Amino acid sequence: MKGVDLRLFQFDYDQSWAVFFLNADGTIYGRYGTRAGDKKNAATHLSIPSLKKAMERALELHKQYPANKTELAAKRGPEPRYATAERIPSLQDRARGPTTPQNCIHCHMAGEHLRKLTYREKRLRPADIWIYPLPENLGLKMEVDDGLRVQQVLANSAAQRAGVEAGDEITTMNSQPLISQADIQWVLHRAPVETSIAVKLTRNGQTLDKTINVSGNWKDTDLSWRESSWSLRPHLWTIPLSADGRKKWNLPPGDPALQVKWAFGNPPFSKQAGIKDGDIIVAVDGQPVPPDESHFIALVRLNHPPGDRVKLTLLRSGKKEDVLMKVE
Amino acid sequence: MNDRYRMTHFTGTLILFALMIAGVPRVRAQTELREALKDSAGAHWIYDDFPKAVKRAEQMGRPLLVLFRCVP
């Protein structure tokens, strides 16, 4: 990412492959590249046919340009804190010398180091953690080979309440023309938590307008696949306790529990607190532990600024034991 | 739209923009990076030179496709 203009190129930096379609004047036609939570398959939302579709849609936007310039304006993000990744203080040493595979600034580092800085400054917000929500966060499962055609509307979702149906093709969101699922993510990433998202779609040749109302925790997504999550993990890599583990420890159904897969860090605050690999966490600050690692990470980081201590309740030999762990 | 049409309309404006490199050892560093990427990009790619791609896109009136790839 050395020298990459972050004022222009804002995307989900945890991806290892991402595409922009642009006009030479810097207007963004669209993005392509979406990754979800499947750690074994990074391409659940990608395909050659949907890339071709995105290219065709970008070419169509290029044909219409500049008549569509106003609608495309919001595809550029706000002015970032640093114009290039190497200006972020903790990445400045990587800026020296020619880039090699060993010292390059990886895409994920751009977002990750900025977030670490924000955390150290005690300014971390939920929006820094829950980034680039998927269409599924609205209840929209899109056809992978198309990107914009709805394959399924999830029951009791915001999209279902808005009247979106399977087979619909979404053409714009908040007036932004779309070319791919990544474009939907961009709109959702930029949207506030409490908001209404204006959707234009085509159904049986007709153009329809729908409004998707969202609030609460709709932006929450799986963080575990993200490379940048390593620095967000509070010195602990955790996974939900297996069914066998639950049976072994007689945990009632519905009682959340996370198992420590790896206590790590330098300084090793988790080990200093006495936490070991294999420990079972059942509570955080006296409240039941969240059921997944992503919400555990968010809970600890958002409630405990650097230097603070978090109380974790462990289940050891059938007994509960509290430990205090410093976070940084 | 066939594949030839599509490629023609992006030809010359594709960029492999994984990294920006400067200085005298640039060629050696680029070679090392391209080997790491197992990159056999053809002549239609402009590797690691965004201003050059913008200039060519302006001259040809075509859009740019900018690709970011992670170096393994």
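Trainee: How much of chain B counts as buried?
Mentor: Of the 72 residues of chain B, 29% are buried, where buried means that 20 or more other C-beta atoms lie within 10 Å of the residue's own, exposed means 12 or fewer, and partly exposed is in between, with C-beta atoms placed from the backbone. The model is predicted, so local features need pLDDT of at least 70 and side-chain atom pairs count only at pLDDT 80 or more, while totals for chains, interfaces and linings use all residues. Residues are numbered from 1 along each chain as its sequence is written, and chains are lettered from A and ligands numbered from 1 in the order in which they are written.

Trainee: What pattern does chain B follow along the sequence?
Mentor: The pattern is α-β-α-β-α-β, with three helices and three strands. Helices (H or I, at least four residues) and strands (E, at least two) are DSSP runs, numbered from the N terminus.

Trainee: And what share of the contacts in chain B join residues at least 24 apart?
Mentor: That share is 78% among contacts between residues at least 6 apart in sequence. Two residues are in contact if their C-beta atoms, placed from the backbone, lie within 7 Å.

Trainee: What is the mean pLDDT of chain B?
Mentor: The mean is 68, and 46% of the residues of chain B reach 70 or more; pLDDT is the predictor's confidence in each residue, from 0 to 100. Within chain B, confidence is lowest in strand β1 (residues 14-16), at a mean of 45, and highest in α3(B), at 95. Residues 1-8 of chain B have pLDDT below 50, and this stretch has four contacts in the model beyond near neighbours in sequence. Residues 11-25 of chain B also stay under 50, and the model has 58 contacts for them beyond four places in sequence. Where pLDDT is low, the predicted coordinates should not be read in detail.

Trainee: Which values does the predictor give for the complex?
Mentor: It gives an ipTM of 0.92 and a pTM of 0.91.

Trainee: Back to α3(B): which residues are buried there?
Mentor: In α3(B), residues 50-60, the buried residues are A53(B), V54(B) and A57(B). They are on the same side of α3(B), because they cover an arc of only 100° around the axis, the arc being that of the directions from the helix axis to the C-beta atoms. The face turned away from that buried side carries the exposed residues P51(B), K52(B) and Q59(B). Just after α3(B), G61(B) takes a positive phi of about 70°.

Trainee: Where does chain B pair with β1(A)?
Mentor: Strand β3 (residues 64-69) of chain B is joined to β1(A) by six bridges, and the two run antiparallel. Strands pair if DSSP finds at least two bridges between them. In this pairing W17(A) stands opposite R69(B).

Trainee: Is β1(A) itself enclosed or open, and what else does it pair with?
Mentor: Five of the six residues of β1(A), residues 17-22, are buried, so β1(A) is largely enclosed by the rest of the structure. Four bridges also join β1(A) to β2 (residues 28-32) of chain A, again antiparallel, with V19(A) opposite Y32(A). These two strands form a hairpin with five residues between them, and G26(A) in the turn has a positive phi of about 100°.

Trainee: What about chain A as a whole?
Mentor: Chain A has 10 helices and 14 strands, and 42% of its 328 residues are buried. The C-alpha trace spans about 65 × 55 × 30 Å along its principal axes.

Trainee: Which residues touch the most other members of the largest nonpolar core?
Mentor: They are F21(A), Y29(A), A58(A), A85(A) and A110(A), in a core of 60 residues. A nonpolar core is a set of buried Ala, Val, Leu, Ile, Met, Phe, Trp, Tyr and Cys residues joined through C-beta atoms within 7 Å. A second, separate core of 28 residues includes L223(A), A263(A), F269(A) and V284(A).
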